[in-house]
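Please look over the sequence and the structure below before reading on. The briefing that follows groups its points by topic.

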Amino acid sequence: MRMIRNTLIALALFGCSAAGAIGPDVRAPLVLTPDADSRAATVAAVEAWNEATGLGIVVGEGGVPVQVVDELDNCGETNARVADGVLVRIAIRRATPAPRFCGEWERTLRHEIGHAIRYWAIGAAAQLDEHTAGGLMGERANRATAIDAEALELTCADAPCAWMQNVE
Ligand SMILES: [Zn+2]
C-alpha cells in the first residue's frame, strides 16, 4: 500500500509542475559495467533486483564498474565519492571456497548492488553503513541470498521502485 500511495503522490507533484516532466521519475537508469570475471554474476544479480523492484537496472558500457578484486579486505565494497555520493565502483572478493564470514561472492554482489541502488537514488545522503537487521542487506555478513522484504524497504525507500517483490 505504501508504494501505491508514494506513486500517487509523485504523480500529483509532477502533475502540478510546469517544468514539463514526462513522468514520475525521469532519472537515467543505474548502469553497471562488470569486468569479465563478474559479468555472469552481475547479469544474474541485476535480473534478480529488476524482478524484485522493476527498477530497470542495466548491464552495459559506461556505467559503474563491477570488479573482482581478490585482494579486498572486505567481502565486498561499494565505493562512492564522499563529496557527492556518486558511485565509483563495486568491488567483490571472490574466494573459493568462500570465507565463512562472507558467504558466496555472488551473494555479496547482490548485497552490494543493494547499496549501489541507494547511492544511485539519493547520492551523498546515503550513509556508508546502511543495513537491515538481517537478511540480504543485513548488517553482519550472512548466507541469506533472497531479496527480502527488509532489503526492499531499504533500497526502495527513495528509489522509484515500480513494485516490491521478494525474489529467492
Ligand atoms: Zn553492506
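Leaving aside residues up to four places away in sequence, isoleucine 113 touches Ala45, Trp49 and Ile90, where contact requires C-beta atoms, placed from the backbone, to lie within 7 Å. This is a predicted model, in which local features need pLDDT of at least 70 and side-chain atom pairs count only at pLDDT 80 or more, while totals for chains, interfaces and linings use all residues. Residues are numbered from 1 along each chain as its sequence is written.

**Isoleucine 113**
- Isoleucine 113 lies in helix α3, helices being DSSP runs of H or I with at least four residues and strands runs of E with at least two, numbered from the N terminus.
- Isoleucine 113 counts as buried because it has 27 C-beta neighbours inside 10 Å, the cut-offs being 20 or more other C-beta atoms within 10 Å for buried, 12 or fewer for exposed, and partly exposed in between.
- The C-alpha atoms of isoleucine 113 and threonine 78 are separated by 7.9 Å, although the two residues are 35 apart along the chain.

**The sheet**
- Five strands form an open, mixed sheet in the order β2-β1-β3-β5-β4, two strands being paired if DSSP finds at least two bridges between them.
- Strands β2 (58-59) and β4 (76-80) stand at the edges with a single partner strand each, so one side of each is left without a neighbour in the sheet.
- Strands β3 (residues 64-68) and β5 (residues 87-92) run parallel and are joined by three bridges, and valine 66 has isoleucine 90 in β5 as its bridge partner.

**Helices on the sheet**
- Helix α2 (residues 39-53) packs on the sheet, where it touches β1 (31-34), β2 and β3, and its direction makes about 155° with that of β1; axes are lines fitted to C-alpha atoms, for helices over the stretch in contact, and angles run from 0 to 180 degrees between N-to-C directions.
- Helix α3 (residues 105-122) lies across β3, β4 and β5 and runs at about 165° to β5.

Definitions and conventions: Two residues are in contact if their C-beta atoms, placed from the backbone, lie within 7 Å.
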